[in-house]
Amino acid sequence: MRTIIYQKLKQLETNGHYPFHMPGHKRNCQDEFSKTIPFSLDITEITGYDDLHHPEGMIREAMDDFKKIYKTKESYFLINGSTAGNLAAMASVCSFGDKILIARNCHKSVYHGVELLGLDPVYVYPKINEDGMCEGITKDQISRVLREEKGIKAAVIVSPTYEGVVSDIKEIADMLHSQGILLIVDEAHGAHFPFYEGFPKSAVFQGADLVIQSLHKTLPSLTQTGLLHLCTDRIQKEWVQSRLSIFQTSSPSYLLMASIDYCVHRCQEEKESFQQYEKLMNSFYGKLEALRHLKRIKTDDFGKVVISVRDSSINGMELFRLLRDQYDIEAEMAEIHYLIAMTSVCDTREGILKLEHALLDIDGRLQGIRKENHMEMKMAEVPKIMLPSEAVKQRKGKISLEQSEGKISGDYIYLYPPGIPLIVPGEKITGRVLDKIEEYLHNHMRIEGCENRKISIINERI
């Protein structure tokens with residue numbers, strides 16, 4: 001297997017050079033902990049090992065390989081996760097104060113980009129289906145927003161969603177480009193798409209200008225590794241590189257870079273493993289057809305196991321806890337009406353069978369009670385009173401949920417995971433937002449930005 005960076009790192013063990021340089025462990029830790037941590041391969045930018053921020057050697061060679069594999073103008077290493085990729089992408093296409101179109105179900109890192117860059121966000125709200133999940137963003141939805149809002153510089157959408165729902169990137173990209181608007185796609189949960197035809201087509205191949213992928217989410221790569229793909233000539237590659245150098249550490253981990261290098265080449269060279277993976281998942285889903293109260297929700301990505309609890313007597317968090325406490329299975333996340341269990345090409349048959357047994361066993365003990373939907377299946381649209389970059393600079397105070405309606409939020413409030421804000425700094429707190437927060441709290445779900453039923457508001461608006 002072609003693994004440029006790892007092979008170069010292994011030469012450290014035999015080249016005889018003594019390390020009078022960082023890091024402080026000097027590749028010479030000899031204790032129990034070091035047996036599982038490859039200190040011997042952990043280095044800084046020493047002679048002959050290239051520089052992530054100015055790649056000319058082995059990192060440049062690996063990036064050239066990536067360009068061929070993904071058919072991009074450039075593919076950059078991300079060692080600060082998709083968060084760094086989202087921030088760098090936005091900074092590459094927007095200037096301070098620009099207007100930017102954002103899908104409201106984007107990850108919090110996109111909102112942080114809006115805040116840091118002083119951008120003026122315009123939102124497109126995805127539809128919510130009967131299972132409480134966001135549907136894909138459509139060209140028509142974006143077109144309606146563009147008829148009302150002029151001067152938009154770029155757009156950011158998330159595809160696939162956490163649950164594996166994709167948007168029609170090709171149609172959206174063509175429509176945006178016809179109006180001179182650049183498209184960024186947060187494809188953090190779709191890093192596996194390019195490697196197998198059984199997955200949806202990646203945004204990399206559908207006209208998006210910049211695409212961000214988290215390798216570690218669904219592929220064999222270490223945590224916080226990813227790729228930022230420059231897919232068109234509409235943006236200068238040198239500008240993207242310079243923005244990445246701002247949002248990524250100046251002391252990049254060579255272990256993380258080696259992990260990215262290994263991951264991409266392994267996936268490219270071992271296509272048959274994805275065929276076996278799909279076969280395993282199809283067998284698993286066939287067995288789940290026997291479920292009576294729980295229900296599998298089919299999405300665009302067969303790797304995402306999404307289980308609805310709406311026809312049962314439990315909620316998503318209760319199913320999450322049952323799997324963890326009684327079956328030793330840690331699921332990815334729980335919403336009120338469903339649960340997500342993430343699988344990958346690295347899952348074992350035994351692991352999938354364990355999940356299959358657990359779901360069928362739990363289902364057999366449940367009562368079939370369809371719960372009423374007290375909440376409208378629609379994302380709460382909230383008025384923007386001031387820009388996030390202005391709001392975060394204001395004096396703030398804490399106030400109870402009961403007293404907060406009509407006030408201006410001083411912080412982000414979101415269910416984590418997935419980290420999609422219910423409200424953003426500078427937005428007016430509405431009754432519908434408070435109802436959603438109350439629903440989450442009632443179901444014992446983890447709400448960031450709400451502690452002891454108190455939230456942050458801008459003082460001047462109390």
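Predicted model: local features only at pLDDT ≥ 70, side-chain atom pairs only at ≥ 80, totals over all residues.
Local features were taken at pLDDT of at least 70 and side-chain atom pairs only at pLDDT 80 or more, whereas totals for chains, interfaces and linings use all residues. Residues are numbered from 1 along each chain as its sequence is written, and side-chain values rest on heavy atoms, with hydrogens and water left out.

We may begin with the salt bridges. Counting a side-chain nitrogen of Lys or Arg within 4 Å of a carboxyl oxygen of Asp or Glu, the total comes to 21 salt bridges. One of them pairs Glu74 with Lys237, with 4.0 Å between the closest N and O atoms. This pair bridges distant parts of the chain, 163 residues apart, from strand E1 (residues 74-78) to helix H8 (residues 237-247); helices (H or I, at least four residues) and strands (E, at least two) are DSSP runs, numbered from the N terminus. Glu74 is buried, at 4% relative accessible area, while Lys237 is partly exposed at 31%. Here buried means under 20% relative accessible area, exposed over 50%, and partly exposed in between (1.4 Å probe, protein chains only). Both residues also belong to a network of salt bridges with Arg60 and Asp64.

Two further pairs are worth a look. Asp98 and Lys153 meet at 3.3 Å, N to O, and link the loop between helix H3 (81-93) and strand E2 (99-103) to strand E4, 55 residues apart. Asp98 counts as buried at 18%, and Lys153 as partly exposed at 33%. Asp209 and Arg234 form a salt bridge at 3.2 Å, N to O. Asp209 is buried because its relative accessibility is 0%, whereas Arg234, at 48%, is partly exposed.

Turning to the cysteines, a search of the whole structure finds zero disulfides (pairs of cysteine sulfur atoms within 2.5 Å). The sulfur of Cys106 lies 10 Å from its closest cysteine sulfur, that of Cys134, and is therefore too far for a bond. Cys231 is likewise in no disulfide, with the sulfur of Cys106 the nearest at 17 Å. Cys106 is buried at 0% relative accessible area, and Cys231 counts as buried at 14%.

On the surface, Lys127, Arg144, Arg147 and Lys150 gather in a patch of positive charge. Such patches join like charges within 9 Å, or nonpolar side chains (Val, Leu, Ile, Met, Phe, Trp, Tyr) within 5 Å, among residues with over 30% relative accessible area and no salt bridge. Lys150 sits in the loop between helix H5 (139-148) and strand E4 (152-158) and is exposed at 57%.

Terms used:
Areas by Shrake-Rupley, 256 points an atom, 1.4 Å probe, with all protein chains shown as cover. Lys, Arg positive; Asp, Glu negative; His and termini not counted. Charge placed at Lys NZ, Arg CZ, Asp CG, Glu CD.
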